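Visitor: Hi, can you walk me through this one? I'm new to reading structures.

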Amino acid sequence: MRAFLTAAASLAVAAIVTIGAAVPARALIEVDITQANIQPMPIAITDFGASGGDPEVGRQISDVISADLQRSGLFKPIDRAAFIEAGANFDAVPNFGSWRVLNAQALITGRVTKQPDGRLKAEFRLWDVFAGQQITGQQYFSNPENWRRIAHIIADAIYERLTGEKGYFDTRIVFVDETGPKDARVRRLAIMDQDGANVRYLTNSPQEIIRNPRFSPSRQEITYVSQPIGETPRVYLLNIETGQREVVGDFPGMTFAPRFSPDGQRVVLSLEQGGNANIYVMDLGSRRTTRLTNTPSIDTSPSFSPDGRQIVFESDRGGSQQVYVMNADGTNQQRISFGQGAYGTPVWSPRGDLVAFTKRSGGQFSIGVMRPDGSGERILTEGYHNEGPTWAPNGRVLMFFREVRGAGGGPQLWTVDLTGYNEQQVPTPAFGSDPAWSPLLN
Amino acid sequence: MSSLVNFGRGMRLAVILVAALTLAACAQKDKPLAGNVTPGSAQDFVVNVGDRVFFPVDQTTLTPQARDTLNKQVQWLRLYPNYTVTIEGHADERGTREYNLALSARRAQNTRDYVVSQGINASRIRTVSYGKERPVAVCDAESCFSQNRRAVTVLNNAPGS
């Protein structure tokens, strides 16, 4: 386990060089992401293996870039079969006329070559087709096994240049892999790329129930809940480079629902005692724990605001499950959810502007967002059972799990963006639940 | 009796036994139901006492029916003082994971508190919470959800169990 973890975690993508523009650069095109219903931008992505270099890896990198941009809902990659100039010279200015007739607004050209030292060199240029200008161009060097990361990094660069927002493709998901029948599920901790590739299992015991994994914002570390069958659930820290794990804190009861603080120095969690759950925070350096709530109720699912000053959480202190906000020291606890139904699993957006939640109402489970003061509630997806949202690092996309009903059913991972129109299933080897999105790796 | 068919792992023997007893009861109505069960055994506890209590949606307080079952458990545990027990709390699938874990803890705790209030020594009882992760009935209807919202009293040191 150690070997692949180290390989997966070590960043071998290096030497990002900006390629000089053939024509003076000035970004003229942009995806308008301020509208509720976004028109995806038609974009042509050439086969990076077609203009010299490594034909197989080149094509694979083009395919991954294309899939990333398509799934964002902001871009519409044009079918390569329709291209008039498939294998144009990467070093020459494209013939823009043959891209204009396809109505491509942006054109990506690229080349992937194997270096004498065994590394891959990947180059790309982003062109504004109608202005006839290069917008940006970069080259990357990496070990060949990291070719997917190169593709995600290029997709992020294109996304950022054309939307004005950071991308989220060079990221990973930690989740719970679920196999076996519903009444004898095996729940393993697993990690994969955000598009479902490169799945790795971090635990592998049928006698251990895994819940609520979450990424550290600053280290190669995960916090999650482990419960050997017959024993008390406890919050753990797992170093995904070394495989080393340790229990978080010396608590006198069940601990669950952990999350890191934005600086990665603290873990906030729930402690159950005598049938009640309260929220505690533990400083990972000093190991000191501080109690933040003190009620005879279920206070759980704490999540820090990105500035670290506040915590959103759920509590049934008022008689039903609702969302509350408090200061990071536990003062000023205020209810913010007042709609029809019950609200749980709140999670603060990395942008700070929204809180995502699971809502139970009328026998349906939906994923929605509201402002941190409780106003502006919007439901993004609704159905039999949607649960547990997690934010992409740019705060535009949410991943969650959706249960397929019935005896043979189980959870699957999905994404929805803030418009609510772009829903995509994330492929997993078996059933999957409790996803958590990593920060950007690059 | 039909609810007894949905036992967790480790209870298969008891399930078979229930089926056999039901057939026997049909054939010979005046025979005592538990004729083949050894008094003081795990089977005796499951079949003649009832090892589990059920909760309404989102509730953690004990129903009168649940208290009746627990009263029988208390009597039995007084008769057989060598047993220690684990009370397992569970929730149905119609809730969020963290909340259901806490809800199941409260069900286990309330069950434990009642049994202790009726005179069973607290040192004989531990609790464990499983949330919605260990259902016994798997359909997507209330007939299954109601069987999953439960607290199960498991004998820890039953011989041969």
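Guide: Here is a short tour, one topic at a time.

Visitor: What should I know before we start?

Guide: This is a predicted model, where local features need pLDDT of at least 70, side-chain atom pairs count only at pLDDT 80 or more, and totals for chains, interfaces and linings use all residues. Residues are numbered from 1 along each chain as its sequence is written, chains are lettered from A and ligands numbered from 1 in the order in which they are written, and side-chain values use heavy atoms, with hydrogens and water left out.

Visitor: OK, chain B. How many helices and strands are there in it?

Guide: Chain B has 5 helices and 4 strands. Both are DSSP runs numbered from the N terminus: helices are H or I with at least four residues, strands are E with at least two. Along the sequence the pattern is α-α-β-α-β-α-β-α-β.

Visitor: And how much of chain B is buried?

Guide: Of its 161 residues, 50% count as buried. Buried means under 20% relative accessible area, exposed means over 50%, and partly exposed lies in between (1.4 Å probe, protein chains only). The accessible surface of chain B is about 7,400 Å², with 54% of it on carbon and sulfur atoms. Such areas come from the Shrake-Rupley method with a 1.4 Å probe; for residues, only the protein chains shown count as cover.

Visitor: How many disulfides are there over all chains?

Guide: The count is 1. A disulfide here is a pair of cysteine sulfur atoms within 2.5 Å. Cys139(B) and Cys144(B) form it, with their sulfur atoms 2.1 Å apart. The link is right-handed, with 120 degrees about the S-S bond.

Visitor: Are those two cysteines buried or exposed?

Guide: Cys139(B) is partly exposed, at 23% relative accessibility. Cys144(B) is buried, at 9%.

Visitor: Now, where do the chains meet? How many residues of chain B are in contact with chain A?

Guide: 29 residues of chain B are in contact with 44 residues of chain A. Contact means heavy atoms within 4.5 Å. Arg94(B), Arg97(B) and Glu98(B) lose the most area on the chain B side, together 24% of what that side buries.

Visitor: What area do the two chains bury between them?

Guide: About 3,100 Å², 50% of it on carbon and sulfur atoms. Buried area is the accessible area (1.4 Å probe) that two parts lose on being put together, summed over both.

Visitor: How many salt bridges are there between chain B and chain A?

Guide: There are 8. A salt bridge is a side-chain nitrogen of Lys or Arg within 4 Å of a carboxyl oxygen of Asp or Glu. One of them joins Lys132(B) and Glu387(A), at 2.6 Å from N to O.

Visitor: On to chain A. What is the strand order in the open sheet of 4 strands?

Guide: It is β9-β8-β7-β30, with antiparallel pairing. Two strands pair if DSSP finds at least two bridges between them. Strands β7 (residues 172-179) and β8 (residues 186-193) of chain A are joined by 8 bridges. Within that pair, Ile173(A) has Met192(A) as its bridge partner.

Visitor: How many residues of strand β5 in chain A are buried?

Guide: 9 of the 9, residues 120-128, so β5 is largely enclosed by the rest of the structure. Both faces are covered: Leu120(A) and Phe124(A) are among the buried residues on one side, Lys121(A) and Trp127(A) among those on the other. In a regular strand the side chains alternate between the two faces of the sheet.

Visitor: What does β5(A) pair with?

Guide: Strand β4 (residues 106-114) of chain A joins β5(A) through 9 bridges, antiparallel. Lys114(A) stands opposite Leu120(A) there. Strand β6 (residues 133-142) of chain A also pairs with β5(A) in the antiparallel sense, over 9 bridges. In that pair, Lys121(A) has Phe141(A) as its partner.

Visitor: And the turns? Which residues have a positive phi there?

Guide: Between β4(A) and β5(A) there are 5 residues, and Gly118(A) in that turn has a positive phi of about 95 degrees. The hairpin of β5(A) and β6(A) has 4 residues between the strands, and Gly132(A) takes a positive phi near 65 degrees.

Visitor: Which residue has a positive phi although it is not a glycine?

Guide: Ala257(A) is one, with a phi of about 55 degrees. Ala257(A) lies in strand β14 (residues 254-260) and is buried, at 0% relative accessible area. Ser301(A) also has a positive phi of about 55 degrees. Ser301(A) lies in strand β18 (residues 299-304) and is buried, at 5%.
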